[in-house]
Amino acid sequence: MTNRLGAYTLSLLVLFGAVGCGDEASVPGDNRVPVAFDRPDAPTKLVVTPGNSQVTVSWTPPAYYGGKSITSYAVRALEGGTVRKTETSTTTSATVTGLTNGTSYVITVAAINEVGESEASEVSAAVMPYDRPGAPRAVTATPGDREVTVTWTEPEAPGLAISGYTVQLLSGETVVATQTVTGTSATFSELTNGTRYSVTVAASNAVLAGPASAPVAVTPRTVPGYPTLDARRGDAPALIILSTSIADDGGSPVKEVLVTIREGMTETVVRTASLFPPFTRSLSISTLPIDKLYSFQAVARNDAGVGPPSARVFEIPRSPPSPPTNLVVTPGDGRVHARWQPPTEPNALPVQIYRVSFRDAGGPEPIDTTELNITITGLTNGESYRVVVEAVNEAGISDPVWDPDGVVPGPTLTR
C-alpha cells in the first residue's frame with residue numbers, strides 16, 4: 001500500500017507542478033481535482049481444471065482496476081518456477097494449451113490496463129494435464145472348464161494413473177457379463193463349454209475411460225468324457241475290431257483316442273494303438289497271439305488334455321481253421337463223390353461247416369455241409385471239374401484244398 005500511495009503522491013506532484021508552471025494554472029477560481037491512474041490489483045480465486053495437454057483456468061477480477069478498464073489478462077503456466085506457456089484472455093477464463101501430460105504445473109494470472117500489468121496472482125493449486133488411457137495390451141483369454149480367465153498388460157496412462165478396468169464377455173454382439181477390476185486379470189465362470197465367446201478390456205483413470213482392446217476369441221473347454229469301447233473278433237486271422245463312441249468331447253474336438261491292450265487281467269501293456277481324425281471310430285488290431293484273453297481300454301484327448309478311461313472290454317483272438325486233410329474225389333456217372341478228414345492243426349474254435357465248390361469250370365453253386373463227405377450230382381460226363389473243400393469256423397475260412405487224384409475219366413476231374 002505504501003508503494004501505491006507513493007505513486008499516487010508522485011502523480012499529484014507532477015500534475016500540480018504542471019499547473020503551477022503554466023499560464024492556465026494561475027487562473028483564479030479553478031477548482032479542478034487532479035486525476036491519477038495506476039496498474040490494477042492482481043486477480044484472485046483461481047480455479048484450474050486439467051485436460052488433455054491443457055489446463056482451463058477461471059478467476060475473479062481484481063477489486064481495484066487502477067482507474068482504467070482492464071483490457072486483458074496474462075495467464076501463465078509455470079513448471080518448477082519457469083514459465084512454460086502464456087495465454088492472453090479478455091475474459092475471466094482461459095485455456096492454456098500445448099502442455100505436457102503428466103507434468104505438474106501451477107498457474108498465475110495478471111490483469112492489464114492502459115497503465116500496465118498487475119502483480120501476478122497467487123499461484124494456483126498444482127495441476128497435471130492428462131489424457132484418457134490407451135487400450136490394454138497383450139490381452140489373452142485362457143479357456144477352462146466352463147470358465148475363461150483374461151489377463152492383460154497395463155496400457156499407457158498419460159497424466160492420470162489408471163484407476164480400474166472394465167472387462168466384457170460377449171457372445172456375438174451380445175454382452176454376456178461385465179466385470180470391473182483394479183488388477184490385470186479377471187475370470188468369468190458358469191459358461192457353456194464349446195461355446196465361442198470374445199473378451200475386451202478397457203482402462204479408466206479417475207476422469208475418463210479409454211478405448212477397448214481388440215476382441216479376443218475364446219471357447220471354454222475341458223477334457224473329453226470317457227469313450228464307450230466295444231471289441232469283437234474279425235474275419236482275418238487273430239483280428240480284433242474295436243469301435244468307440246464319445247458322448248462328451250468337453251467342448252473341444254477330440255484329436256486322438258488312445259487304446260491300451262493288456263494280456264489277461266494283468267496291468268502289463270502289450271500294445272497301444274491310436275485313432276486319429278477323421279475318426280472311423282473303429283480300429284483293427286491284428287497279429288495278436290491267438291487263444292489268449294486280452295483287455296482293451298481307451299482314453300480320448302483334446303486340446304484340454306486326456307479324459308478318463310473307458311471301462312475295460314475283453315476278447316480272445318481266434319484264427320480260421322487249417323485246411324481239411326486227405327481229400328479223395330471219386331467220379332461216377334454224372335456225379336462225383338468227395339470225402340475228407342478234419343483239419344489236423346489245433347484251433348480253439350471248432351469247424352462249423354465245410355464248403356465244397358468247383359473252380360475253373362461251370363458247376364453248381366458252393367455247397368455247405370457239416371458232414372465229412374458229399375455227393376454232387378447233375379454233372380456232365382466228359383467235362384473237367386476241380387472239387388475244392390474249405391473248412392469254416394467262427395473266425396473265418398481256411399485255405400482251400402482240392403482233389404489230389406488228377407484227371408478221372410467219366411466225368412474227368414483235374415487237379
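User: Which residue takes a positive phi near 65 degrees in the hairpin of strand 17 and strand 18?

Analyst: This is a predicted model, in which local features need pLDDT of at least 70 and side-chain atom pairs count only at pLDDT 80 or more, while totals for chains, interfaces and linings use all residues. Residues are numbered from 1 along each chain as its sequence is written, and side-chain values use heavy atoms, with hydrogens and water left out. Strand 17 (residues 256-263) and strand 18 (residues 269-275) pair in the antiparallel sense over six bridges, where pairing asks for at least two bridges found by DSSP between two strands. Five residues lie between these strands, and in this hairpin the positive phi near 65 degrees belongs to Gly-264.

User: How many strands does the protein have?

Analyst: Helices (H or I, at least four residues) and strands (E, at least two) are taken as DSSP runs and numbered from the N terminus. Counted in this way, the protein has one helix, and its number of strands is 32.

User: Which residue in strand 18 does Arg-262 stand opposite?

Analyst: Strand 17 covers residues 256-263 and pairs in the antiparallel sense with strand 18, which covers residues 269-275. Across this pairing, the residue of strand 18 that stands opposite Arg-262 is Val-269.

User: Which residue forms a salt bridge with Glu-267?

Analyst: A salt bridge here is a side-chain nitrogen of Lys or Arg within 4 Å of a carboxyl oxygen of Asp or Glu, and by this rule the count comes to twelve. Glu-267 lies in the loop between strand 17 and strand 18, and its partner sits 45 residues away, in the loop between strand 21 (305-306) and strand 22 (313-315). Arg-262 is linked with both of them in a network of salt bridges. With the closest N and O atoms 2.6 Å apart, the partner of Glu-267 is Arg-312.

User: Is Glu-267 buried or exposed?

Analyst: The terms rest on relative accessible area: buried is under 20%, exposed is over 50%, and partly exposed is in between, with a 1.4 Å probe and protein chains only. Arg-312 has a value of 25%, so Arg-312 is partly exposed. Because the relative accessible area of Glu-267 is 56%, the term for Glu-267 is exposed.

User: Where does Lys-292 lie, the residue whose side chain meets that of Glu-263 in a salt bridge?

Analyst: The side chains of Glu-263 and Lys-292 meet at 3.9 Å, N to O. The pair links distant parts of the chain, 29 residues apart, with Glu-263 in strand 17 and Lys-292 in the loop between strand 19 and strand 20.

User: What is the phi of Asp-291, a residue other than glycine?

Analyst: Most residues other than glycine have a negative phi. Asp-291 lies in the loop between strand 19 (282-285) and strand 20 (294-302), and with a relative accessible area of 36% Asp-291 is partly exposed. The phi of Asp-291 is positive, with a value near 65 degrees.

User: In which order do the three strands of the open sheet lie?

Analyst: The pairing in this sheet is antiparallel, and seven bridges join strand 3 (residues 72-79) to strand 4, with Ala-74 standing opposite Thr-88 in strand 4. The edge strands, each of which pairs on one side only, are strand 4 (82-89) and strand 6. The order of the three strands is therefore 4-3-6.

User: Which residue meets Glu-114 in a salt bridge?

Analyst: Glu-114 lies in the loop between strand 6 and strand 7, and its partner, 46 residues apart from it, lies in the loop between strand 2 (54-60) and strand 3. Glu-114 counts as exposed because its relative accessibility is 62%. At 3.5 Å, N to O, the side chain that meets that of Glu-114 is Lys-68.

User: Why does Ser-118 count as buried?

Analyst: Ser-118 is in the loop between strand 6 (106-112) and strand 7 (137-144). Not counting residues up to four places away in sequence, Ser-118 touches Pro-40, Asp-41, Ala-42, Pro-43, Ala-110 and Ala-111, a contact being heavy atoms within 4.5 Å. Ser-118 counts as buried because its relative accessibility is 5%.
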